[in-house]
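Subject: Structure handover

Hello,

Here is the structure I said I would pass on. Please look it over before reading the notes under it.

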Amino acid sequence: MQEQDRMESEIILLQTKKEQEKKNLLDVLTNIENHSAKLIEQLMVLNDRTKQLEKMAAVLERDRIENEEIFSIKQEKLEQMQKKEILEAMTEMLKCEEKCGKYELEKSSMVERLQNEENESNWKLYNIFQERELDQQILVNRLLEEEQYQKEAFEVLQLQKDIQHQEIAHQIHLIEKELSNLTVAEMKKKDLKINSEMNVLTDHRIALASLLADLMAAKEQRELELKDRLRQMELKREHEMEDFWLIQYQKLLDRKPKGVVAAELGLDKDVKTILLEVPAVEYLPLFASKRISLSTLLSFTKKDLKKMGILDDDICDAILNKAQEHFENIKMRDKYSIPEFLEEGPEPSAPSEPSSPSEPGGMLAEPSAPPLSPDTDTKLWCQAECVICLEVQTSAVFLPCGHVCCCQDCSQKVELCPMCRTTISSRFTLTVS
């Protein structure tokens with residue numbers, strides 16, 4: 001009984017345990033079903049989402065394809081537009097290059113034409129200047145020749161108007177005539193063998209020859225005096241011309257504008273000293289108007305000075321050298337502290353009394369006595385032929401003997417007088433008419 005009870009209690013325990021397990025199993029199944037339902041529901045949601053995503057992917061793909069097509073179309077259009085723009089730009093560039101080429105050709109041709117025209121004009125100007133210089137040179141030579149002719153004519157006129165010279169020439173003519181007559185007479189007497197009067201004729205001839213020599217020396221002396229007087233008159237005329245231009249220059253200096261005078265007063269003392277030492281005082285107004293200082297002058301070259309208006313090369317070199325020397329002296333003085341004592345030089349001045357240049361002819365007084373008119377009896381003549389060649393008339397006087405027995409050519413070939421065998425000390429030509 002007890003075993004039965006025990007078995008029943010065990011069976012009850014087993015049933016209870018089975019029920020409990022069944023209940024637990026049902027709970028588990030319920031949980032599994034709930035979980036499966038949730039999973040199914042989640043799978044359904046995921047499936048819906050996947051379908052939506054697929055739809056969205058298909059839409060996006062379709063949009064992408066459409067965008068790609070649109071992009072490719074736009075890209076083609078853009079490439080076509082770019083090609084068109086490039087073609088247009090290249091066309092414009094080619095046109096510009098063609099225009100530039102034509103412009104360069106026209107420019108080069110124009111430059112070449114201008115250069116040719118400039119060369120032609122320069123050549124024409126050069127020829128004109130050469131012709132002008134040649135004309136000026138010809139004119140200057142002609143003026144110089146005319147001046148020389150005028151001087152010579154004035155000398156001749158002066159000699160003709162000089163009474164003392166005319167008297168000496170008249171006396172020489174008379175003595176020449178007398179010597180010629182004595183020589184002819186002596187030759188005739190020798191031919192006739194008349195010896196009684198030969199000594200008288202010889203003494204007379206020697207005296208006349210001595211007198212002729214003295215008169216010739218006096219004539220030469222008078223001509224030298226007249227030429228010296230003419231030179232003094234020429235020098236006086238040149239001095240008067242210089243004085244005239246100095247007076248005109250001084251008048252210009254006296255009428256100098258006040259602005260130029262003020263500029264000269266404000267000129268750098270060193271520059272003024274340099275111009276006074278060169279000397280180049282006439283360029284003081286130029287340097288004053290340009291406000292040239294010593295530092296500016298030291299930086300100058302010969303070309304700069306010529307641009308200012310100083311055209312003389314020697315003066316340019318002297319100014320530049322003197323400026324450099326003056327600057328060196330200033331540096332040495334500053335180095336050794338040597339004081340500077342400068343005195344301003346006097347202003348240039350000209351003669352106070354004006355005198356105008358006069359011509360040489362205006363300074364000569366007319367002779368008071370009338371000019372001598374040569375008489376027909378005083379004209380020189382010769383009747384004898386040359387004793388050497390026997391062809392030409394005699395035209396030479398021998399000194400000291402005074403014989404007139406040879407022509408000009410034969411007189412140069414002898415050392416002794418052919419008539420008296422006297423040694424010839426001097427000879428001169430007669431004026432035969």
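The notes below cover the fold, the surface and the salt bridges.

This is a predicted model, in which local features need pLDDT of at least 70 and side-chain atom pairs count only at pLDDT 80 or more, while totals for chains, interfaces and linings use all residues. Residues are numbered from 1 along each chain as its sequence is written, and side-chain values use heavy atoms, with hydrogens and water left out.

Fold

The chain has ten helices and two strands. Both kinds of element are DSSP runs numbered from the N terminus: helices are H or I with at least four residues, and strands are E with at least two. In sequence order the pattern is α-α-α-α-α-α-α-α-α-β-α-β. Taking contacts (heavy atoms within 4.5 Å) with a separation of 6 or more, 61% are between residues 24 or more positions apart.

Surface

Of the 433 residues in the chain, 21% count as buried. Buried means under 20% relative accessible area, exposed means over 50%, and partly exposed is in between, with a 1.4 Å probe and protein chains only. The chain exposes about 32500 Å², and carbon and sulfur atoms supply 56% of that area. Accessible areas come from the Shrake-Rupley method with a 1.4 Å probe; for residues, only the protein chains shown count as cover.

Salt bridges

Side chains of opposite charge can pair when their charged atoms come close. A salt bridge here is a side-chain nitrogen of Lys or Arg within 4 Å of a carboxyl oxygen of Asp or Glu. The structure holds nine of these salt bridges, including the following.

- Asp228 and Arg231 pair at 3.7 Å, N to O. Both residues lie in helix H3 (residues 198–254), three residues apart, about one turn of the helix. Asp228 is partly exposed, at 33% relative accessibility.
- Lys306 and Asp313 pair at 2.6 Å, N to O. Lys306 is partly exposed, with a relative accessible area of 35%, and Asp313 is also partly exposed, at 33%.
- Glu328 and Lys331 pair with their closest N and O atoms 3.8 Å apart. Both residues sit in helix H9 (residues 313–336), three residues apart, about one turn of the helix. Glu328 is partly exposed at 34%, and Lys331 is partly exposed at 42%.

Regards
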